[in-house]
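Have the viewer ready as you read.

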Amino acid sequence: MTVGVCYFPEHWDESTWERAVERMVAAGVETVRLGEFAWGRLEPERGAFDLAWLDTVLDLLADHDREALLCTPTATPPKWLVDERPSVRRVAADGTVEGYGSRREYCFNSAAYREETERIVGRLAERYADRDVVSGWQIDNEYGCHGTVRCYCDECAEAFRAYLRERYGDAATLNEAWGTAFWSQQYEDIAAVEPPRPTPSAHHPSLLLAYARFASRSVVEYNALQAELLREANADWTLTHNTMGQFEDLDLHALGETVDFLSWDSYPTGFVQTREGDPATVDELRAGDPDELALNHAVCRGAAAGPFWVMEQQPGDINWSPTNPQPGEGAMALWALHATAHGADTVAYFRWRACSQGQEQYHSGLLDHAGRPDRGYRDAAAAADDMAALPDLPRPEASVAVLHDYENCWALREQPHAPDFDYWTHLRTYFDALRARGVAVDVCHPDDPLDGYDAAVAPTPYLVGEERAAHLESYVRDGGRLLLTIRSGFKDPHNRVHETPRPGPLRSLVGATVAEHETVPEAVDTTVDYRGEAHGYRTWGEWLAPDEATVVGSHVGGVGAGEAAVTRNRVGDGSVTYAGVWPEPRLADALCADLLSAAGLPHRDTPLPDGVRVVQRGDHCFVTNFTSGTVGVDGVAGDPVVGTTPVGAYDYLVGRGDATELGVTVTDPSE
């Protein structure tokens, strides 16, 4: 549980480096990330390597007993390389060959770029294999940033066809699996399949899903190529990649298998302005949304099955969101302790010093442009002190799993069937409700072993085959409590609708079928009766026809008045609840509270206030306040280890206690 920083010494005169490292030490920084975009400095001309400057910085870090996490520089190929080998460049769907002058302009399937990658990564790995100061590597940077996971060049087209031959064998099998009789889209040979380039109308959904799978796998293979080179040089290095929050195009479950841990880049005040959902509140503009951050922590923790890092933590105002307000006083420390509560080993602030050159000049650092400590420096130092005061704590343990699959996300994005149907927003409906009840939540792939979880929520398992259905049924028969939601089992893994009543292979598990469905605008009354109380829902509604299941919620009013909306079915030693509507928060809370009660899991009697969350690690409880109000806390045993009570605006407290039993009250700052 330490603080790190992202440092770009190549942006500054060498005379500043030693003083910079000394100030990092003073702030409590333990790990320094280096070399991320430095290929042009490391190899200014082909074969003419200049590594002396990096050696000097590593020596300074070693002298001050700090660790370095080096980065492979492949996110930014130098100009001479792109000029010599123009085939490395990514091609957009419309055929535009992307030019030099930004970053991430390369194609993952370019044979030339993979060759160049092996050359630069091999040289760096050999150079630093015996340097104890180097603890590990970040491979590349933010795969897929700027919409670059998918390339449509000729090399990708050939690689895609090879992928289809591997998956389907021949065109006849592919045609049957996809259903290409529609609009005369049959293929005589897989060699005739093209990437989904622009067409007058929408592409075949099975082609789109296949290309999404292929493109994601291409990234994973490219990452594995680099990981193998690094492990051959030093098997003790730890390897990671810095992912982006709620990023859709890359399957992190697959990427996580190629590294030792995943990390992600956290920019809370930007995320609340650029994600789907309601407009950000003033408190969110100052501190972000704790559940959004927790979701990304959980995705990284689950995808690599272990610890995670925040590789880039927002240090102040940023440069890329629609507006860039200053974070609330203390928020930059709050984010670090919030990540620690969820199992982060290191929180590294991006960046050390605000840059005077290039595209990110308006992005703040722990130091400002003039080299003076900025607000983030003070918060980073405070976070480092508080982390050092914490005892050794066990990893967070969860008894509830939320099941998440990128392939469902890809398929639903192409056929949302409603303008406001967003995969992540729907998933968070349940994730947020569970966290508001004070329980720890893991995010798992639907095919992961689930026997360690007493309860699980599967938000829209859209693509379901027989094997996945059997896996979920086995979990329930053995005593698991499962909550399934709208559009479950609608399609098979090839993105073709099941020719059996919905929810397809899940029908016997649910004990009911979907008779009808509709998407609804705000003007339509959407109300269900659940446990004798009226609740609202949004976007999507289904009318259920129970077989063995018991009706526990019904539609009120409208065309479907009186039809079942929520059912519950006993299966073996467990049970399945099917929610046939997208619930508004109060109904989501009721569904999740009943799930927790059925599983016998302790949880809070009432939901926590918005912006306030409690997280358990061992016998210690973290209370994080993302609001401008004051939070009173009862139930901490003895004095807090970190912080004080009441907890002030954008602040935190850590002490001994039970997250499900703490008394928590919020006083509005205007009162």
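This is a predicted model: local features need pLDDT of at least 70, side-chain atom pairs count only at pLDDT 80 or more; totals for chains, interfaces and linings use all residues.

## Nonpolar cores

Let's start inside. The largest nonpolar core takes in 179 residues, and Leu34 and Leu164 have the most contacts within it. Helix 8 (residues 205-233) gives this core its largest share, 14 residues. As general background, nonpolar side chains in soluble globular proteins tend to be buried together.

Zoom in on Leu34 and you'll find, beyond its neighbours within four places in sequence, contacts with Tyr7, Pro9, Leu54, Val57, Leu58, Leu61, Ala68, Leu69, Leu70 and Cys71.

## A buried loop residue

Next up is Phe261, in the loop that links helix 9 (252-256) to strand 7 (262-266). Is Phe261 buried or exposed? Its relative accessibility is 7%, so Phe261 counts as buried, given that the cut-off for buried is under 20%.

Cys300 is 39 residues away from Phe261 along the chain, with 7.9 Å between their C-alpha atoms.

## Cavities

Seven cavities of 30 Å³ or more turn up across the whole structure. The largest cavity holds about 150 Å³ of space. It has 18 lining residues, and His342, Arg435, Ala440, Val441 and Val615 are the closest to its centre.

Helix 12 (290-303), helix 16 (423-436), strand 11 (441-444) and strand 21 (612-617) each give two or more residues to this cavity's lining. Sorted by class, that lining has eleven nonpolar, three polar and four charged residues.

The largest pocket contains about 1,500 Å³ of space. Its lining counts 50 residues, with Asp278, Asp289, Arg428, Asp432 and Pro585 nearest the centre. Helix 16 supplies the largest share, seven residues. By class, the lining splits into 19 nonpolar, eleven polar and 20 charged residues.

The second largest pocket comes in at about 1,200 Å³. Here 42 residues form the lining, and those nearest the centre are Phe37, Arg103, Asn141, His146 and Glu360. Helix 2 (39-42) and helix 10 are the elements that give two or more residues to this lining, which has 14 nonpolar, 16 polar and twelve charged residues.

Terms used:
Residues are numbered from 1 along each chain as its sequence is written. Side-chain values use heavy atoms; hydrogens and water are left out. Helices (H or I, at least four residues) and strands (E, at least two) are DSSP runs, numbered from the N terminus. Buried means under 20% relative accessible area, exposed over 50%, partly exposed in between (1.4 Å probe, protein chains only). A nonpolar core is a set of buried Ala, Val, Leu, Ile, Met, Phe, Trp, Tyr and Cys residues joined through side-chain atoms within 4.5 Å. Contact means heavy atoms within 4.5 Å. On a 1 Å grid over the protein atoms alone, a cavity is a set of points where a 1.4 Å probe fits but cannot get out, and a pocket is an open set with protein on both sides within 12 Å along at least five of seven lines; lining residues have an atom within 4 Å of a point. Grid points are joined across faces, edges and corners, and a volume is the space filled by probe spheres set on the points. Ala, Val, Leu, Ile, Met, Phe, Trp, Tyr, Cys and Pro count as nonpolar, Asp, Glu, Lys and Arg as charged, and the others, Gly among them, as polar.
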